[in-house]
Amino acid sequence: MIDRYSRQIIFPQLGKEGQGRLGNSSVVIIGCGALGGIIATYLVRAGVGKVKIVDRDLIEYHNLHRQILFDEEDVKNKLPKAIAAEQHLKKANSSIEIEGVVADVHYANVERLITGVDLILDGLDNPETRFIINDASLKHKIPWVYGAAIAASGMTMNIIPGETPCFRCVFPSLPPPGVIPNCDTAGVISPAPFVVGSLQSAEAIKILVGAKEINRDVIVIDVWQGTFHRLKVSPRRDCPTCQGKYEFLQRQFGIRTTVLCGQNSVQILDPKIESLSLKELALHLKPLGKVSYNKLILNFTVDNHEMVVFPDGRLILKNSLDESLARELYVKYIGT
Ligand SMILES: [Zn+2]
């Protein structure tokens with residue numbers, strides 16, 4: 001294995017000792033689009049011992065311009081991103097453990113998903129889940145690396161519990177829906193997430209090997225303007241998370257609808273459901289419409305409504321942004 005990593009071991013700040021630490025490390029990457037795909041690629045190839053990749057989405061054609069882990073075959077095979085990522089990355093490095101988990105991260109499963117990891121990496125496309133991760137990170141004293149990219153710009157920051165300001169020190173509250181631009185409204189060009197994902201990966205390696213030079217600022221980049229800025233941040237005295245109030249972990253909700261960024265789809269999630277038998281559901285739905293399934297997903301079409309159901313109980317209504325229709329179909333066909 002030394003030969004595989006020889007060129008990074010020569011880099012003195014890493015060395016043999018650093019390589020050993022990477023090999024003994026475990027990380028979870030939450031979200032595997034453009035950012036998460038880059039981070040997963042680097043950390044798997046760098047020899048991080050255990051890499052868990054969590055993502056809720058399927059791969060679509062409009063992902064391919066920036067999500068380098070995936071190809072046209074994956075779109076045709078209707079693969080969840082977490083599973084395709086696991087398959088591709090195992091070919092890049094078979095000497096480490098790689099696990100793809102198809103799930104939407106929420107208050108009820110986040111603590112289970114981060115159990116035992118040394119570092120959490122943010123590859124998300126929505127702000128709300130970041131507040132949940134921030135709460136879980138501080139509660140369990142596991143550092144996380146925030147990253148976000150949109151249009152031609154992006155930013156990243158390290159949150160080391162007890163050492164740096166937390167995410168909520170910098171972003172005190174959840175922005176109202178529709179205020180933050182997303183891939184649908186502002187677009188994105190691939191160099192932006194690639195630069196941010198690269199910076200996150202470098203910070204991950206530094207944190208895992210225990211380097212002194214870890215970043216304590218917010219870094220803001222713009223690949224169109226060619227700019228790179230550091231913003232100093234300080235802890236906020238009235239930050240609830242830093243005072244041990246984990247409001248986003250306690251903010252329990254019932255059935256939840258989410259419009260998925262860039263997919264013309266609505267997701268329905270019931271956090272009470274831990275797992276669902278797709279085989280039993282297929283038997284139940286067969287008399288009602290067109291059903292096909294494998295162990296990863298179930299496709300169901302009825303009255304021109306196309307739905308995908310996952311074993312974690314989530315339903316995605318395709319080609320629609322109608323949240324009340326999605327909720328209605330969920331209650332009717334999945335039931336709770
Ligand atoms: Zn804080």
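Author: A crossing is called right-handed if the near helix is turned clockwise from the far one by less than a right angle, and left-handed if it is turned anticlockwise. In this model, which is predicted, the crossing of α3 and α10 is right-handed.

Reader: At what angle do helix α3 and helix α10 pack, and how far apart are their axes?

Author: Two packed helices are described by the angle between their axes and the distance between those axes. Here α3 (residues 34-46) and α10 (residues 191-209) pack at about 40°, with their axes 8 Å apart, and that makes α3 oblique to α10. On the α3 side the contact includes I38, I39 and Y42, while on the α10 side F194, V196 and A204 are among the residues involved; the residues of this contact divide into 12 nonpolar, 4 polar and no charged.

Reader: How is α2 oriented relative to α10?

Author: The axes of α2 (residues 15-23) and α10 come within 8 Å and cross at roughly 100°, which makes α2 roughly perpendicular to α10. This contact is made by G18, R21 and L22 of α2 with I205, L208 and V209 of α10, and its residues divide into 4 nonpolar, 1 polar and 1 charged.

Reader: Which arrangement do the 4 donor atoms form around the zinc ion?

Author: For four tetrahedral donors the ideal angle at a metal is 109.5 degrees. Around this zinc ion the 4 donor atoms subtend angles of 101 to 116°, which makes the arrangement tetrahedral. The protein donors are the SG atoms of C166, C169, C239 and C242, lying 2.3 Å from the zinc ion, and along the chain they follow the spacing C-x2-C-x69-C-x2-C. C166 lies in the loop between β6 and α8 and C242 in the loop between β8 and α11, so the pair ties together parts that are 76 residues apart in sequence.

Definitions and conventions:
Residues are numbered from 1 along each chain as its sequence is written. This is a predicted model: local features need pLDDT of at least 70, side-chain atom pairs count only at pLDDT 80 or more; totals for chains, interfaces and linings use all residues. Side-chain values use heavy atoms; hydrogens and water are left out. Axes are lines fitted to C-alpha atoms, for helices over the stretch in contact, and angles run from 0 to 180 degrees between N-to-C directions. Helices (H or I, at least four residues) and strands (E, at least two) are DSSP runs, numbered from the N terminus. Angles under 35 degrees count as roughly parallel, over 145 as roughly antiparallel, 65 to 115 as roughly perpendicular and the rest as oblique. Contact means heavy atoms within 4.5 Å. Ala, Val, Leu, Ile, Met, Phe, Trp, Tyr, Cys and Pro count as nonpolar, Asp, Glu, Lys and Arg as charged, and the others, Gly among them, as polar. Donors are N, O and S atoms within 2.8 Å of the metal (3.2 Å for Na, K and Ca); water is not among the atoms, so sites may look incomplete. Four donors count as tetrahedral if all angles lie between 85 and 135 degrees; four count as square planar and six as octahedral if opposite donors are over 155 degrees apart and all others between 65 and 115; anything else is irregular.
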